[in-house]
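Hello,

Please find the structure below. My notes on it follow.

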Amino acid sequence: MTWMPADRTPVHCVQLEEEFDWLLAIYKQLAPRRILEIGAHVGGTLYHWMQHPAPGSWFTVVSLGATPHIPTWVSWANAHGHGLEVLDADSTTPTSVDWMRIQAPYDFAFIDGSNHYEEVSQVWRNVRLLVRKGGIVAFHDITEHGGMPNEQVDVPRLWREITANKRLRTAEKVAMPGVWCGIGTVYL
């Protein structure tokens, strides 16, 4: 288990390689054409999403602090013939939700923004309505963060609620149980 190596991405990708490769395989199999990312950081995961769908795919990104990264992201999109719209904002606001709704329905959504329960729960409630039947919503940070006691990560609480709902099909990959990260998918 290692962090995503620098030779696989032009910007830092805050993902454990084993977990992200698992999700990337699911993503490739889905072959999404409309992709939503919440919380893109500097674009490490966005870069990988853009490498694999068909030309003409559309990417919608909502991420605080995105503005300085937009020129780089646009160059990646242009290099692969994709469309891209970015909103540098809090993904839980009604304005952000309305903005995301314009490009819906999505085939795939990756949620890796706020780790606080109230915010990530609100994102889940909003995003699940924007992803088509047969689409996938993926979450990062689904495991308890025992290795990071000073960081408040409430995604595991939401993940337990989601997996308790027997009407939803889920899967997960956790390389370091109870220590760090974890990725979960919900099949809608």
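Pro105 sits in the loop that joins helix 4 (94-103) to strand 4 (106-111); helices (H or I, at least four residues) and strands (E, at least two) are DSSP runs, numbered from the N terminus. The peptide bond from Ala104 to Pro105 is cis, with omega near 5°.

This is a predicted model, in which local features need pLDDT of at least 70, side-chain atom pairs count only at pLDDT 80 or more, and totals for chains, interfaces and linings use all residues. Residues are numbered from 1 along each chain as its sequence is written, and side-chain values use heavy atoms, without hydrogens and water.

Most residues other than glycine have a negative phi, and most peptide bonds are trans. Ala31 has a positive phi, near 55°, and lies in the loop between helix 1 (17-30) and strand 1. Asp141 also has a positive phi, near 75°. Asp141 belongs to the loop between strand 5 (131-140) and helix 6 (155-164). Is Asp141 buried or exposed? With a relative accessible area of 6%, Asp141 is buried (under 20%; exposed is over 50%, partly exposed in between, with a 1.4 Å probe and protein chains only).

By class, the lining of the largest pocket has nine nonpolar, 14 polar and six charged residues. Here Ala, Val, Leu, Ile, Met, Phe, Trp, Tyr, Cys and Pro count as nonpolar, Asp, Glu, Lys and Arg as charged, and the others, Gly among them, as polar. A pocket is an open set of points on a 1 Å grid over the protein atoms alone, where a 1.4 Å probe fits, with protein on both sides within 12 Å along at least five of seven lines; lining residues have an atom within 4 Å of a point.

Regards
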